[in-house]
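This note is meant for a colleague opening the structure for the first time. Please read the points below with the structure in view.

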Amino acid sequence: MQILYGVVQRMGMDIPEYWESINTKSLKGLIMVLGAPDMGKSTFCEYLVQRLAKEHNHVALMDGDPGQSRLGPPTTLNLSLNSGVRRVFVGSTSPVRHMLPMLVAASKLVHEAKSAGAEAIVYDTTGLIDEHQGGVTFKQAKIDLLQPSVILALQRGKELEPILAPFGKRGGPQIIDVKPSLAVQARNMYMRRRYRRLKFTKYFTDPQRVTLDWSKFAVFPKPYFTKHVLVGLEDIEGFTVALGIALDIRPQERTVTLLLPKISLDEVKVLRVGDILVDPMSFEDRKIL
Ligand SMILES: Nc1ncnc2c1ncn2[C@@H]1O[C@H](COP(=O)(O)OP(=O)(O)OP(=O)(O)O)[C@@H](O)[C@H]1O
Ligand SMILES: [Mg+2]
(Lines give C-alpha, C1' and ligand atoms only; values in the text may rest on other atoms or scores of the structure.)
(Ligands and ions follow the chains in the order given, each with its own letter.)
Protein backbone atom coordinates (compact mmCIF):
# COMPACT_ATOMS: atom_id res chain seq x y z
CA MET A 1 0.00 0.00 0.00
CA GLN A 2 1.35 3.43 -0.91
CA ILE A 3 1.36 6.00 1.89
CA LEU A 4 -0.20 9.15 0.45
CA TYR A 5 1.71 12.36 0.92
CA GLY A 6 -0.03 14.45 3.56
CA VAL A 7 -2.83 12.02 4.30
CA VAL A 8 -2.85 10.07 7.51
CA GLN A 9 -6.07 8.81 8.97
CA ARG A 10 -6.46 10.75 12.20
CA MET A 11 -6.74 9.22 15.65
CA GLY A 12 -10.22 9.79 16.98
CA MET A 13 -11.92 9.75 13.58
CA ASP A 14 -15.47 8.49 13.94
CA ILE A 15 -16.11 5.84 11.29
CA PRO A 16 -19.85 5.11 11.09
CA GLU A 17 -20.91 1.59 10.15
CA TYR A 18 -22.57 2.81 6.96
CA TRP A 19 -19.21 4.17 5.75
CA GLU A 20 -17.68 0.73 6.27
CA SER A 21 -20.44 -0.82 4.16
CA ILE A 22 -19.55 1.27 1.07
CA ASN A 23 -18.36 -1.10 -1.64
CA THR A 24 -15.01 0.48 -2.52
CA LYS A 25 -14.19 -2.27 -5.06
CA SER A 26 -16.50 -0.59 -7.55
CA LEU A 27 -15.02 2.88 -6.96
CA LYS A 28 -12.44 4.02 -9.47
CA GLY A 29 -11.71 6.94 -11.76
CA LEU A 30 -12.75 10.38 -10.56
CA ILE A 31 -14.75 10.16 -7.32
CA MET A 32 -16.28 13.50 -6.38
CA VAL A 33 -17.39 14.12 -2.79
CA LEU A 34 -20.10 16.77 -2.51
CA GLY A 35 -21.73 18.32 0.55
CA ALA A 36 -22.75 21.53 2.28
CA PRO A 37 -20.23 23.23 4.62
CA ASP A 38 -19.36 21.26 7.77
CA MET A 39 -20.62 17.88 6.57
CA GLY A 40 -17.26 16.24 7.26
CA LYS A 41 -16.33 16.05 3.54
CA SER A 42 -12.59 16.41 4.05
CA THR A 43 -12.52 13.88 6.89
CA PHE A 44 -14.59 11.45 4.84
CA CYS A 45 -12.16 11.91 1.90
CA GLU A 46 -9.22 11.02 4.16
CA TYR A 47 -11.08 7.88 5.20
CA LEU A 48 -11.98 6.99 1.62
CA VAL A 49 -8.39 7.40 0.42
CA GLN A 50 -7.24 4.94 3.09
CA ARG A 51 -9.91 2.44 2.02
CA LEU A 52 -9.11 2.83 -1.68
CA ALA A 53 -5.36 2.49 -1.09
CA LYS A 54 -6.09 -1.16 -0.20
CA GLU A 55 -7.53 -1.73 -3.69
CA HIS A 56 -5.25 0.38 -5.91
CA ASN A 57 -1.53 1.14 -6.25
CA HIS A 58 -2.07 4.79 -6.99
CA VAL A 59 -4.82 6.76 -5.27
CA ALA A 60 -4.75 10.54 -5.67
CA LEU A 61 -6.38 13.04 -3.33
CA MET A 62 -7.54 16.28 -4.82
CA ASP A 63 -7.98 19.00 -2.20
CA GLY A 64 -10.33 21.35 -4.02
CA ASP A 65 -10.99 23.88 -1.25
CA PRO A 66 -9.00 27.14 -1.53
CA GLY A 67 -10.37 28.40 1.82
CA GLN A 68 -9.75 25.56 4.27
CA SER A 69 -7.14 23.72 2.20
CA ARG A 70 -5.34 20.91 3.94
CA LEU A 71 -2.57 20.08 1.47
CA GLY A 72 -1.37 23.58 0.72
CA PRO A 73 -1.67 27.25 1.59
CA PRO A 74 -5.08 28.96 1.23
CA THR A 75 -5.94 30.21 -2.30
CA THR A 76 -4.61 27.01 -3.91
CA LEU A 77 -6.06 23.71 -5.09
CA ASN A 78 -3.76 20.77 -4.38
CA LEU A 79 -3.35 17.30 -5.77
CA SER A 80 -1.55 14.64 -3.78
CA LEU A 81 0.08 12.00 -5.98
CA ASN A 82 2.53 9.22 -5.18
CA SER A 83 5.23 11.53 -6.54
CA GLY A 84 4.29 14.54 -4.37
CA VAL A 85 1.91 17.49 -4.44
CA ARG A 86 0.90 19.54 -7.52
CA ARG A 87 -0.61 22.95 -6.82
CA VAL A 88 -2.60 25.59 -8.69
CA PHE A 89 -3.27 29.14 -7.41
CA VAL A 90 -6.87 30.37 -7.88
CA GLY A 91 -6.36 33.94 -6.62
CA SER A 92 -8.84 33.90 -3.71
CA THR A 93 -9.88 31.93 -0.65
CA SER A 94 -13.46 31.65 -1.92
CA PRO A 95 -14.85 30.17 -5.14
CA VAL A 96 -17.46 32.96 -5.27
CA ARG A 97 -16.37 35.36 -8.07
CA HIS A 98 -13.50 32.95 -8.88
CA MET A 99 -15.43 30.09 -10.41
CA LEU A 100 -13.59 30.15 -13.74
CA PRO A 101 -10.09 29.95 -12.17
CA MET A 102 -11.48 27.17 -9.92
CA LEU A 103 -12.72 25.17 -12.91
CA VAL A 104 -9.45 25.67 -14.81
CA ALA A 105 -7.40 24.61 -11.78
CA ALA A 106 -9.59 21.56 -11.10
CA SER A 107 -9.44 20.48 -14.73
CA LYS A 108 -5.65 20.89 -14.86
CA LEU A 109 -5.15 18.85 -11.70
CA VAL A 110 -7.57 16.05 -12.61
CA HIS A 111 -5.87 15.76 -15.99
CA GLU A 112 -2.51 15.60 -14.20
CA ALA A 113 -3.76 12.85 -11.87
CA LYS A 114 -4.97 10.78 -14.84
CA SER A 115 -1.67 11.33 -16.73
CA ALA A 116 0.23 10.20 -13.62
CA GLY A 117 -1.71 6.92 -13.75
CA ALA A 118 -3.89 7.39 -10.65
CA GLU A 119 -6.52 4.62 -10.67
CA ALA A 120 -8.75 6.47 -8.24
CA ILE A 121 -8.91 10.23 -7.65
CA VAL A 122 -10.82 11.36 -4.56
CA TYR A 123 -11.97 14.93 -5.10
CA ASP A 124 -12.76 16.90 -1.91
CA THR A 125 -14.91 19.88 -2.96
CA THR A 126 -15.86 23.17 -1.27
CA GLY A 127 -19.16 23.50 0.59
CA LEU A 128 -20.50 26.07 -1.89
CA ILE A 129 -23.89 24.62 -2.81
CA ASP A 130 -26.07 27.69 -2.22
CA GLU A 131 -28.10 28.52 -5.32
CA HIS A 132 -28.07 32.28 -4.62
CA GLN A 133 -24.28 32.33 -4.51
CA GLY A 134 -24.10 30.42 -7.80
CA GLY A 135 -23.30 27.12 -6.09
CA VAL A 136 -25.80 25.00 -8.02
CA THR A 137 -24.67 26.17 -11.47
CA PHE A 138 -21.03 25.99 -10.43
CA LYS A 139 -21.22 22.42 -9.14
CA GLN A 140 -23.26 21.27 -12.12
CA ALA A 141 -20.73 22.84 -14.51
CA LYS A 142 -17.90 21.14 -12.64
CA ILE A 143 -19.61 17.76 -12.94
CA ASP A 144 -20.26 18.31 -16.66
CA LEU A 145 -16.67 19.39 -17.27
CA LEU A 146 -14.83 16.77 -15.21
CA GLN A 147 -17.25 13.86 -15.75
CA PRO A 148 -16.68 11.99 -12.50
CA SER A 149 -17.47 8.28 -12.54
CA VAL A 150 -19.11 8.53 -9.11
CA ILE A 151 -20.51 11.27 -6.90
CA LEU A 152 -20.63 10.61 -3.18
CA ALA A 153 -23.33 12.88 -1.79
CA LEU A 154 -22.71 13.67 1.86
CA GLN A 155 -26.00 15.10 3.08
CA ARG A 156 -28.21 15.05 6.14
CA GLY A 157 -31.43 15.84 4.26
CA LYS A 158 -31.99 16.57 0.58
CA GLU A 159 -29.84 19.70 0.37
CA LEU A 160 -27.88 18.39 -2.65
CA GLU A 161 -31.03 17.61 -4.65
CA PRO A 162 -31.02 20.93 -6.59
CA ILE A 163 -27.54 20.06 -7.90
CA LEU A 164 -27.97 16.34 -8.42
CA ALA A 165 -31.60 15.83 -9.52
CA PRO A 166 -30.96 16.33 -13.27
CA PHE A 167 -27.97 13.97 -13.22
CA GLY A 168 -30.10 11.34 -11.50
CA LYS A 169 -32.67 11.59 -14.29
CA ARG A 170 -29.99 11.56 -16.98
CA GLY A 171 -28.58 8.35 -15.50
CA GLY A 172 -24.97 9.45 -14.97
CA PRO A 173 -22.69 9.81 -13.16
CA GLN A 174 -23.53 7.24 -10.51
CA ILE A 175 -24.69 8.95 -7.31
CA ILE A 176 -24.24 7.34 -3.90
CA ASP A 177 -25.79 8.90 -0.80
CA VAL A 178 -23.59 8.91 2.29
CA LYS A 179 -24.75 9.97 5.73
CA PRO A 180 -22.34 12.32 7.56
CA SER A 181 -20.74 11.34 10.85
CA LEU A 182 -22.40 12.72 13.99
CA ALA A 183 -18.94 13.74 15.23
CA VAL A 184 -18.63 16.63 12.75
CA GLN A 185 -17.82 19.94 14.44
CA ALA A 186 -19.05 23.06 12.67
CA ARG A 187 -16.53 25.89 12.32
CA ASN A 188 -17.60 29.53 12.35
CA MET A 189 -16.11 32.40 10.34
CA TYR A 190 -13.55 33.23 13.05
CA MET A 191 -12.29 29.66 13.27
CA ARG A 192 -11.97 29.52 9.47
CA ARG A 193 -10.11 32.83 9.45
CA ARG A 194 -7.76 31.60 12.17
CA TYR A 195 -7.11 28.39 10.25
CA ARG A 196 -6.13 30.37 7.15
CA ARG A 197 -3.85 32.65 9.19
CA LEU A 198 -2.09 29.61 10.65
CA LYS A 199 -1.69 28.03 7.20
CA PHE A 200 -0.20 31.24 5.75
CA THR A 201 2.06 31.67 8.80
CA LYS A 202 3.34 28.13 8.32
CA TYR A 203 3.83 28.64 4.59
CA PHE A 204 5.93 31.79 5.13
CA THR A 205 8.07 30.40 7.98
CA ASP A 206 11.74 31.05 7.14
CA PRO A 207 11.03 33.30 4.15
CA GLN A 208 13.25 35.09 1.63
CA ARG A 209 12.78 38.52 0.01
CA VAL A 210 13.29 38.52 -3.74
CA THR A 211 13.10 41.48 -6.12
CA LEU A 212 11.85 40.52 -9.59
CA ASP A 213 11.91 42.51 -12.82
CA TRP A 214 8.33 41.85 -13.88
CA SER A 215 9.01 42.66 -17.54
CA LYS A 216 10.87 39.32 -17.68
CA PHE A 217 7.70 37.35 -16.79
CA ALA A 218 4.25 36.78 -18.25
CA VAL A 219 2.03 38.68 -15.82
CA PHE A 220 -1.66 37.71 -15.55
CA PRO A 221 -4.12 39.36 -15.68
CA LYS A 222 -1.89 42.45 -16.05
CA PRO A 223 1.21 43.92 -14.38
CA TYR A 224 -0.60 45.89 -11.70
CA PHE A 225 0.61 45.07 -8.21
CA THR A 226 -0.88 46.40 -4.95
CA LYS A 227 1.00 46.41 -1.66
CA HIS A 228 0.51 43.05 0.11
CA VAL A 229 -1.30 41.45 -2.80
CA LEU A 230 -0.79 37.69 -3.01
CA VAL A 231 0.99 36.60 -6.20
CA GLY A 232 1.21 33.08 -7.65
CA LEU A 233 4.54 32.16 -9.28
CA GLU A 234 3.90 29.51 -11.91
CA ASP A 235 5.87 27.26 -14.21
CA ILE A 236 5.25 27.05 -17.94
CA GLU A 237 2.41 24.51 -17.46
CA GLY A 238 0.58 26.74 -14.98
CA PHE A 239 1.46 24.77 -11.85
CA THR A 240 2.30 26.90 -8.84
CA VAL A 241 5.93 26.96 -7.76
CA ALA A 242 5.39 29.43 -4.90
CA LEU A 243 3.12 32.10 -3.49
CA GLY A 244 4.53 35.53 -2.68
CA ILE A 245 3.34 38.66 -0.85
CA ALA A 246 4.15 41.95 -2.61
CA LEU A 247 6.17 44.09 -0.19
CA ASP A 248 7.55 46.85 -2.38
CA ILE A 249 6.42 47.91 -5.84
CA ARG A 250 8.47 50.22 -8.11
CA PRO A 251 6.45 50.84 -11.28
CA GLN A 252 9.15 52.97 -12.95
CA GLU A 253 11.76 50.23 -12.55
CA ARG A 254 9.11 47.55 -13.19
CA THR A 255 10.17 45.64 -10.07
CA VAL A 256 8.23 43.98 -7.30
CA THR A 257 9.83 42.70 -4.09
CA LEU A 258 8.10 39.56 -2.83
CA LEU A 259 8.10 37.70 0.46
CA LEU A 260 8.54 34.07 -0.59
CA PRO A 261 9.33 30.69 0.93
CA LYS A 262 12.97 29.66 0.44
CA ILE A 263 12.64 27.58 -2.71
CA SER A 264 14.21 27.68 -6.15
CA LEU A 265 12.49 30.00 -8.62
CA ASP A 266 14.31 28.65 -11.70
CA GLU A 267 11.11 27.21 -13.21
CA VAL A 268 9.02 30.38 -12.76
CA LYS A 269 7.70 31.85 -16.01
CA VAL A 270 4.43 33.44 -14.89
CA LEU A 271 3.36 35.88 -12.18
CA ARG A 272 -0.35 35.68 -11.43
CA VAL A 273 -1.69 38.61 -9.41
CA GLY A 274 -4.37 37.45 -6.95
CA ASP A 275 -7.47 39.18 -5.60
CA ILE A 276 -6.49 38.99 -1.96
CA LEU A 277 -4.16 40.86 0.39
CA VAL A 278 -2.11 39.03 3.01
CA ASP A 279 -0.50 41.04 5.80
CA PRO A 280 3.19 39.98 5.97
CA MET A 281 3.31 40.42 9.77
CA SER A 282 0.01 38.96 11.01
CA PHE A 283 -0.76 36.81 7.92
CA GLU A 284 -4.41 37.87 8.10
CA ASP A 285 -6.01 37.88 4.65
CA ARG A 286 -8.46 40.36 3.11
CA LYS A 287 -10.32 39.99 -0.18
CA ILE A 288 -10.09 42.83 -2.71
CA LEU A 289 -12.60 41.23 -5.08
N1 LIG B 1 -15.78 11.34 11.11
C2 LIG B 1 -15.34 12.25 11.97
N3 LIG B 1 -14.83 11.89 13.17
C4 LIG B 1 -14.40 12.81 14.05
N5 LIG B 1 -14.42 14.15 13.82
C6 LIG B 1 -14.91 14.57 12.64
C7 LIG B 1 -15.38 13.66 11.66
N8 LIG B 1 -15.80 14.36 10.59
C9 LIG B 1 -15.58 15.64 10.88
N10 LIG B 1 -15.05 15.78 12.12
C11 LIG B 1 -14.71 17.05 12.78
O12 LIG B 1 -15.44 18.11 12.20
C13 LIG B 1 -14.54 19.10 11.64
C14 LIG B 1 -15.06 19.49 10.27
O15 LIG B 1 -14.96 18.38 9.41
P16 LIG B 1 -14.43 18.50 7.92
O17 LIG B 1 -13.34 19.49 7.83
O18 LIG B 1 -14.16 17.12 7.46
O19 LIG B 1 -15.75 19.07 7.25
P20 LIG B 1 -15.93 19.68 5.79
O21 LIG B 1 -17.29 19.32 5.31
O22 LIG B 1 -14.79 19.28 4.94
O23 LIG B 1 -15.86 21.24 6.10
P24 LIG B 1 -15.71 22.42 5.02
O25 LIG B 1 -17.10 22.79 4.63
O26 LIG B 1 -15.01 23.51 5.77
O27 LIG B 1 -14.90 21.91 3.88
C28 LIG B 1 -13.18 18.42 11.57
O29 LIG B 1 -12.13 19.31 11.83
C30 LIG B 1 -13.25 17.38 12.66
O31 LIG B 1 -12.84 17.98 13.87
MG1 LIG C 1 -13.47 20.44 3.77
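1. The model is a predicted one. Strand E5 covers residues 120-124, and five bridges join it to E1, the two strands running parallel.

2. Strand E5 also pairs with strand E2 (residues 59-63), again in parallel and through five bridges. Within that pairing, Ala 60 has Ile 121 of E5 as its bridge partner.

3. Are the residues of E5 buried or exposed? Five of its five residues are buried, and the strand is mostly covered. Ala 120, Val 122 and Asp 124 point one way, Ile 121 and Tyr 123 point the other way, and all are buried.

4. Strand E1 (residues 29-35) is joined to E6 by five bridges, and these strands run parallel. Here Ile 31 stands opposite Val 150 of E6.

5. Strand E6 (residues 150-154) is largely enclosed by the rest of the structure, because five of its five residues are buried. Both of its faces are covered: Val 150, Leu 152 and Leu 154 lie on one side, with Ile 151 and Ala 153 on the other.

6. Strand E7 (residues 174-178) runs parallel to E6, with five bridges between them. The bridge partner of Leu 154 in E7 is Val 178. From E6 the chain crosses through helix H5 (residues 161-170) to E7, and this β-α-β crossover is right-handed.

7. In soluble globular proteins, nonpolar side chains tend to be buried together. The largest nonpolar core of this model has 57 residues, and Phe 44, Leu 48 and Val 122 touch the most other members. Helix H3 (residues 99-115) gives the largest share of this core, seven residues. Apart from this core lies another, of 29 residues, including Val 219, Ala 242, Leu 277 and Val 278.

8. Which residues does Leu 48 contact, leaving aside its neighbours within four places in sequence? They are Thr 24, Leu 27, Ile 31, Val 33, Val 122 and Leu 152.

9. The largest pocket holds about 1200 Å³ of space. Its lining consists of 43 residues, of which Asp 38, Asp 65, Gln 68, Arg 187 and Arg 192 lie nearest the centre. Helix H2 (41-52), helix H6 (189-203) and strand E14 (285-287) each supply at least two lining residues. The largest share, five residues, comes from H6.

Technical notes
Residues numbered from 1 in each chain as written. Chains lettered and ligands numbered in written order. Predicted model: local features only at pLDDT ≥ 70, side-chain atom pairs only at ≥ 80, totals over all residues. Heavy atoms only, no water. Core = buried A, V, L, I, M, F, W, Y, C linked by side-chain atoms within 4.5 Å. Buried < 20%, exposed > 50% of the residue type's maximum accessible area, 1.4 Å probe, protein only. Helix = DSSP H or I, 4+ residues; strand = E, 2+ residues; numbered from the N terminus. Contact = heavy atoms within 4.5 Å. Pairing = 2+ DSSP bridges. Right-handed = clockwise from strand over helix to strand, strands pointing away. 1 Å grid on protein atoms, 1.4 Å probe; cavity = no way out; pocket = protein on both sides within 12 Å on 5 of 7 lines; lining within 4 Å. Points joined across faces, edges and corners; volume = space filled by probe spheres on them.
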